[in-house]
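Please keep the sequence and the structure in view while reading.

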Amino acid sequence: ITSSSSGGQVPDQADTRSDHPSSSSGGSSSKTLDMLQKTAAARRQAFESRYGMLLRSKGFVWLATRGDHIGEWSQAGSLLSFSTGGPWFCVLPPDAWPADDQQQAEIRRDFMTPYGDRRQELVFIGIGLKEPELRSALDACLVTVTEAESSGFSNLPDPFEPWPDVTDMIDQGSWSETGSEEQQQQQHGADATAAGGQQTTAAAAAAAAAAAAA
């Protein structure tokens with residue numbers, strides 16, 4: 001978790017409400033927009049009061065109900081996307097892995113028996129972030145041993161939209177056109193090492209900052 005303790009003030013959002021009277025046809029829409037803006041502002045204030053000002057967050061998530069998928073988390077400001085980044089490397093057949101031995105070694109560094117490279121790895125960037133509160137909120141999302149033993153992962157609640165079938169993605173090669181963010185970072189890390197650079201993959205850097213975050 002990266003947080004700035006700068007005392008600088010962040011400008012308030014500009015008031016987008018019009019001072020001109022609304023027409024009879026647009027009055028209802030204007031009131032609805034105004035109400036939504038007030039609700040969003042109140043929620044953001046409550047969030048910042050509890051966790052600090054979150055500007056950016058990104059990383060990988062192992063969603064219990066979708067264990068073969070890399071869940072890619074990307075947030076900037078009030079916008080958050082959460083989608084599949086393709087299969088984890090531990091799910092891919094050997095012929096779908098990079099051919100280079102050094103790249104394979106980089107990938108295997110993230111493996112842990114019996115889970116493979118499945119993991120939670122998130123980075124948070126903001127101003128005055130309250131790390132203990134953020135960690136506690138994320139830890140509360142983890143599946144407990146009791147839940148796993150009583151319900152099994154497949155029976156846990158899953159509110160997200162369906163993702164493509166992993167088997168179909170592998171067969172079609174659709175996941176490999178651009179690669180997931182994790183796969184791109186593994187490639188970047190191997191390239192940097194081969195070039196003799198001192199760069200560290202974003203995944204490794206995130207692990208140090210968010211090892212217990214989720």
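## Helix faces

In helix H3, the residues Leu134, Arg135 and Leu138 are buried, where buried means under 20% relative accessible area, exposed means over 50%, and partly exposed lies in between (1.4 Å probe, protein chains only). Seen down the axis of H3, these buried residues fall within an arc of 95°, so they line one face of the helix. The arc is taken from the directions that lead from the helix axis to the C-beta atoms. An α-helix has 3.6 residues a turn, so residues three or four places apart point the same way.

The model is predicted: local features need pLDDT of at least 70, side-chain atom pairs count only at pLDDT 80 or more, and totals for chains, interfaces and linings use all residues. Residues are numbered from 1 along each chain as its sequence is written, and side-chain values use heavy atoms, with hydrogens and water left out.

Helix H2 spans residues 101-108, and in this helix Gln103, Glu106 and Ile107 are buried. They cover an arc of only 100° around the axis, which puts them on the same side of H2. The N-terminal end of H2 is capped by Asp100, which has a side-chain oxygen 3.0 Å from the backbone nitrogen of Gln102.

## The chain as a whole

The protein has 7 helices and 5 strands. These are DSSP runs numbered from the N terminus, with helices (H or I) of at least four residues and strands (E) of at least two. From the N terminus on, the order of elements is β-α-β-β-β-α-β-α-α-α-α-α. Of the 214 residues, 29% are buried. The accessible surface comes to about 13,600 Å², and 53% of this surface belongs to carbon and sulfur atoms; the areas come from the Shrake-Rupley method with a 1.4 Å probe, and for residues only the protein chains shown count as cover.

A contact means heavy atoms within 4.5 Å. Among contacts between residues at least 6 apart in sequence, 67% join residues at least 24 apart.

## The nonpolar core

Which residues make up the largest nonpolar core? The 8 residues are Tyr51, Leu54, Val61, Leu122, Phe124, Leu129, Leu134 and Leu138. Strand E2 (53-61), strand E5 (121-127) and helix H3 (131-139) are the elements that give two or more residues to this core. A nonpolar core is a set of buried Ala, Val, Leu, Ile, Met, Phe, Trp, Tyr and Cys residues joined through side-chain atoms within 4.5 Å.

## Aromatic pairs

Rings of Phe, Tyr and Trp (its six-membered ring) pair if their centres lie within 6.5 Å; planes under 30 degrees apart count as stacked, over 60 as edge-to-face and the rest as tilted.

| Pair | Type | Centre to centre | Angle between planes |
|---|---|---|---|
| Phe82 and Phe160 | tilted | 4.9 Å | 50° |
| Phe89 and Trp97 | edge-to-face | 5.5 Å | 65° |

Phe89 and Trp97 are both buried. Phe82 lies in strand E4 (residues 79-87) and Phe160 in the loop between helix H4 (145-151) and helix H5 (166-172), so this pair links parts of the chain 78 residues apart. Phe160 is partly exposed, with a relative accessible area of 36%. Together with Trp163, Phe82 and Phe160 form one aromatic cluster.

## Polar contacts and other links

Arg66 is found in the loop between E2 and strand E3 (69-76) and is buried, with a relative accessible area of 11%. A polar atom of the Arg66 side chain lies 2.8 Å from the backbone oxygen of Phe160. Apart from its neighbours within four places in sequence, Arg66 is in contact with Asp158, Phe160, Glu161, Pro162 and Trp163.

Gln75 belongs to strand E3; Gln75 is buried, with a relative accessible area of 6%. The side chains of Gln75 and Ser57 make a polar contact at 2.6 Å. A polar contact is a pair of N or O atoms within 3.5 Å; within protein, one must be able to donate a hydrogen and the other to accept it, and residues adjacent in sequence count only if both atoms are side-chain atoms.

In the loop between H2 and E5 lies Pro114. A cis peptide bond, with omega about 0°, joins Thr113 and Pro114.
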